[in-house]
Number of protein chains: 2
Amino acid sequence: MNPLPHEVTAELEGCRAELDHMSVELDQAYEELTILHRLSATLRVERPVEEVLHDACAGLVAGAGLAFAAVRLAGGAGLMPTLAVAEPEAAADGAGSARLRALVDAAAAELLATGYVAVPGSILEPVDALARPRLAELTPAAIVVPLRIGDEAVGVLLAAVPAGAELLSSVEAKLAESVAGPLSIFLENRRLFERARELATAVLVSLVRAIDAKDPATRGHSERVSALARAVGEELKLPPAEVDRLRLAGLVHDLGKLGVPESILLKKGKLTDEEFAAIRRHPQAGVDILRGIEPLADLLPAVLHHHERYDGRGYPAGIGGEAIPLHARILGVVDAFDAMHSRRSYHEGAAVAACLGEIERNAGSQFDPRIVAAFVATQQRSAVGQRRLAA
Amino acid sequence: MNPLPHEVTAELEGCRAELDHMSVELDQAYEELTILHRLSATLRVERPVEEVLHDACAGLVAGAGLAFAAVRLAGGAGLMPTLAVAEPEAAADGAGSARLRALVDAAAAELLATGYVAVPGSILEPVDALARPRLAELTPAAIVVPLRIGDEAVGVLLAAVPAGAELLSSVEAKLAESVAGPLSIFLENRRLFERARELATAVLVSLVRAIDAKDPATRGHSERVSALARAVGEELKLPPAEVDRLRLAGLVHDLGKLGVPESILLKKGKLTDEEFAAIRRHPQAGVDILRGIEPLADLLPAVLHHHERYDGRGYPAGIGGEAIPLHARILGVVDAFDAMHSRRSYHEGAAVAACLGEIERNAGSQFDPRIVAAFVATQQRSAVGQRRLAA
C-alpha cells in the first residue's frame with residue numbers, strides 16, 4: 001500500500017480534530033439545554049423559595065458535574081435570607097460537608113456585605129481573602145454569579161469544582177450564569193407575589209385596627225386573638241397552610257361587629273334582650289362581609305362558629321363537641337381568654353394565671369378540653385420564656 | 001499523484017458528512033439556547049401579558065425563521081383572552097396579515113373550544129377541518145402546542161411556515177415546544193400574582209361595602225365614586241397604573257368615616273359645630289387607617305384632600321387650585337355628584353342632568369373646571385350609550 005500523501009492525512013486529521021471539538025461543544029450545548037428545560041419547569045412562584053433554589057443547584061451539579069452549587073440570598077423585602085446547597089451524594093455526608101456549607105455561607109455573605117461579586121464568567125480568585133477559614137482548602141476554584149432584581153444584588157449563586165480537580169472552566173462558568181438568569185427573574189416574580197399577598201393582610205390588619213379603635217376596651221383584641229390562635233395551631237402541629245388560615249380567621253373573627261351599633265357595643269350597663277340579640281348576630285354578619293372574598297371562603301366556618309360552646313349551649317347554631325369546626329373551637333378558647341384578660345372595665349385586668357384557671361375550669365363545658373390543654377401549654381411556655389429573659 | 005485508496009476517500013467523505021450534520025445540530029442547539037435565554041429575561045409577572053406573549057412569539061419567529069407565531073389565550077380566572085401575533089416585517093402589512101390573524105384566532109379558538117390540540121411535536125394536519133376559511137391557503141404547515149396550567153389547557157402557541165415553503169420540520173416543532181414550557185409557567189405565575197393582587201381589592205370592597213351598609217343613604221357610594229373616578233381618569237388619558245390608583249383611592253376615600261360616631265353620621269337634623277368638626281376629621285382619619293399599608297401609601301394625598309375646594313375654602317388644609325393633588329380634585333367632583341344624586345333623603349333623587357348642572361355651576365369655585373368638563377363628557381357619553389341601548 002502506498003503511503004498517503006501528506007495533505008490527505010493532514011485533512012483527515014484536521015477533520016477528526018474538528019469532529020472531536022464539535023462533539024464536545026454539542027455535548028455542552030445539550031447539557032445547558034437540559035439544565036434550562038428542567039429549571040424552567042420548577043420556577044413557580046407558589047413553591048417554597050428554598051425548594052426552588054435547591055432544585056436549581058441540584059440541576060447544575062448533576063448537569064455540570066460540580067462538587068457543589070449553592071445559592072445564598074441576602075434577604076430584604078419579600079425575600080428571606082436563605083442558603084440552599086446541592087452536592088453529589090458522595091460529598092454529602094460527614095464533617096467536610098458541614099464545613100463546606102459554613103464556608104459557602106461565609107464567603108457568599110461576605111460577598112454580599114462588601115458588594116464585591118466576581119464578574120460573571122470569571123474565576124473567583126481571592127477566595128481566601130474573603131472567607132475565613134479558607135474556602136480554598138476545600139475547593140480550588142469557584143464561580144460566584146450575582147442574582148439581581150433590577151440593579152439590586154439580592155443573592156449569589158456559587159458553583160465549585162471538587163478539591164483535586166482541575167480549575168473551573170469557562171464552561172461551568174457559562175452554565176452557572178445561564179442558570180442565574182431565570183433564577184433572578186424567579187426571585188423578582190416571587191417578591192412581587194409576596195408583596196401582593198401581604199397587601200391583603202395589611203389591608204385586613206389596618207381595618208381591623210380601625211374597628212377595634214372604636215372600643216377602647218378591645219383595642220388590639222383581633223390581632224392578639226390572631227397571634228394566640230396561631231400559637232395554638234402550631235402547638236397542635238397543624239400544617240403551615242392551615243396555621244396561616246387560622247391566623248387570618250383570628251384577625252377577622254369579629255369583623256361582623258361592624259354591623260352592631262356603637263350604642264350597644266359601648267354600653268356600660270346591662271344589655272336588653274334585643275341588644276343581646278344584636279350582638280349575637282355578629283358571627284353571621286362577619287360571614288356576610290367575608291362571603292364576597294372568594295380566597296377567604298375557607299375562613300367562614302371559623303368566623304361563624306367561634307361563639308359555639310363545647311356543650312352545645314353557644315350560638316349561632318348551638319352545635320357542640322367535634323361538630324364545631326376545629327378552628328372555631330380554637331378561636332373560642334383564645335377569644336374568651338383575651339376578652340377576660342384585657343377587658344379591664346369588667347375584670348380589672350385579671351392576671352394571666354387567673355384567666356388560665358378560669359379557662360381550665362370551663363374545659364369540657366364551654367371549651368374543648370384538648371384545645372384548652374394546648375393553649376395552656378403555649379401560655380406556660382411563654383411564661384417560662386419571659387421569666388428566663390427577666391432573670 | 002496516485003489515486004487515493006477507496007477506504008481513505010470514504011473515511012474523508014464520511015468525516016465531512018458528519019461535520020456537516022453536527023454543524024447543523026450545533027446551530028440548532030445554539031438557536032434554541034439563544035431563544036431560551038432571551039425568553040427567560042422577559043417572563044416578569046408584572047409585565048402586561050400581551051407584551052410577554054408577543055415577545056415570545058417574536059423571539060420564536062426571529063430565531064426559527066417562521067412565517068408567524070401566535071399565542072391565543074382562552075381566558076379564565078386571572079387570564080384575559082389574548083391574541084399575540086408576531087410576523088417578520090415583510091409579512092406584516094396588507095390584507096394578508098389581517099386575514100392571517102383572523103385565521104389564527106379562529107383556528108386556535110376552535111382548538112380550545114373543542115379541546116382538540118395537536119400533540120406537541122406533531123404537525124397539525126387537519127387545519128382546514130378546524131378553521132374556516134382555510135388556514136391552509138395561507139400556510140402549508142403549522143404546529144400547535146398547548147399552554148397548560150397543571151392539567152388545564154389555557155391557550156395555544158401556534159407556529160407556521162410561510163406559504164410556498166417546505167413543511168414544518170421537527171426542529172421548528174421542538175423550538176415551539178421549548179418556548180411553550182417556560183411560557184406556561186409564566187402564565188401560572190401571572191395567574192397567581194393576579195389573584196393575590198385582586199385579594200387586596202376584594203378585601204377593601206367587602207369592607208367598604210360593610211361600612212357603607214351602616215348608612216342606607218350612602219349604600220354603594222364608595223364603589224360608585226371609584227367607578228366614576230376611573231372613568232374621569234380614562235377621559236383625561238392618565239396612564240393605566242395611575243387610573244388604577246385613582247380607582248382604589250375612590251374606593252377608600254371615606255374609610256375615615258369608620259371613626260365618626262354613627263349618631264352623627266345618621267343624624268337627620270341640623271349638625272352642631274362639634275358634630276361638623278367630627279365629620280371634617282374623616283379625611284385625616286382615613287389617612288391614619290391607610291398609613292400602615294405601605295403599598296397604598298400613594299393613595300394618601302387623594303384621600304386627605306378630597307374635600308378641598310378649588311377656591312381654597314375646603315378642608316382639611318384649605319389649599320386651592322393646582323395645589324390640590326389631581327386625584328383629590330377628581331374625587332371632589334365625582335364624590336359631590338354621587339352624594340347629590342343618591343342621597344334621596346336630602347335631594348329626593350335629583351336627576352342626572354340636574355346634578356350635572358349643579359356641578360357645572362360650581363366649576364371654578366368648588367371644582368376644577370377642567371375636571372368638571374371631563375366628568376360631564378363621560379356622563380354625556382354614557383347617557384348616549386344608554387339611549388342607544390334602549391333604542
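**View 1. Polar contacts and salt bridges link chain B and chain A in this predicted model.** Across the interface of chain B and chain A there are 16 residue pairs in polar contact, both residues at pLDDT 80 or more (a pair of N or O atoms within 3.5 Å; within protein, one must be able to donate a hydrogen and the other to accept it, and residues adjacent in sequence count only if both atoms are side-chain atoms). The same interface holds 4 salt bridges, each a side-chain nitrogen of Lys or Arg within 4 Å of a carboxyl oxygen of Asp or Glu. Look for B:Glu188 and A:Arg44, a salt-bridged pair whose closest N and O atoms are 3.0 Å apart.

**View 2. Helix 1 of chain B gives the most to the side that touches chain A.** Its share is 19 residues (helices are DSSP runs of H or I, at least four residues, numbered from the N terminus).

**View 3. Chain B and chain A bury about 5200 Å² between them.** Of this area, 74% is on carbon and sulfur atoms; buried area is the accessible area (1.4 Å probe) lost on being put together, summed over both parts. The contact (heavy atoms within 4.5 Å) takes 57 residues from each of chain B and chain A.

**Notes for all views.** This is a predicted model: local features need pLDDT of at least 70, side-chain atom pairs count only at pLDDT 80 or more, and totals for chains, interfaces and linings use all residues. Residues are numbered from 1 along each chain as its sequence is written, chains are lettered from A and ligands numbered from 1 in the order in which they are written, and side-chain values use heavy atoms, leaving out hydrogens and water.

Note on methods
Buried area is the accessible area (1.4 Å probe) that two parts lose on being put together, summed over both. Helices (H or I, at least four residues) and strands (E, at least two) are DSSP runs, numbered from the N terminus.
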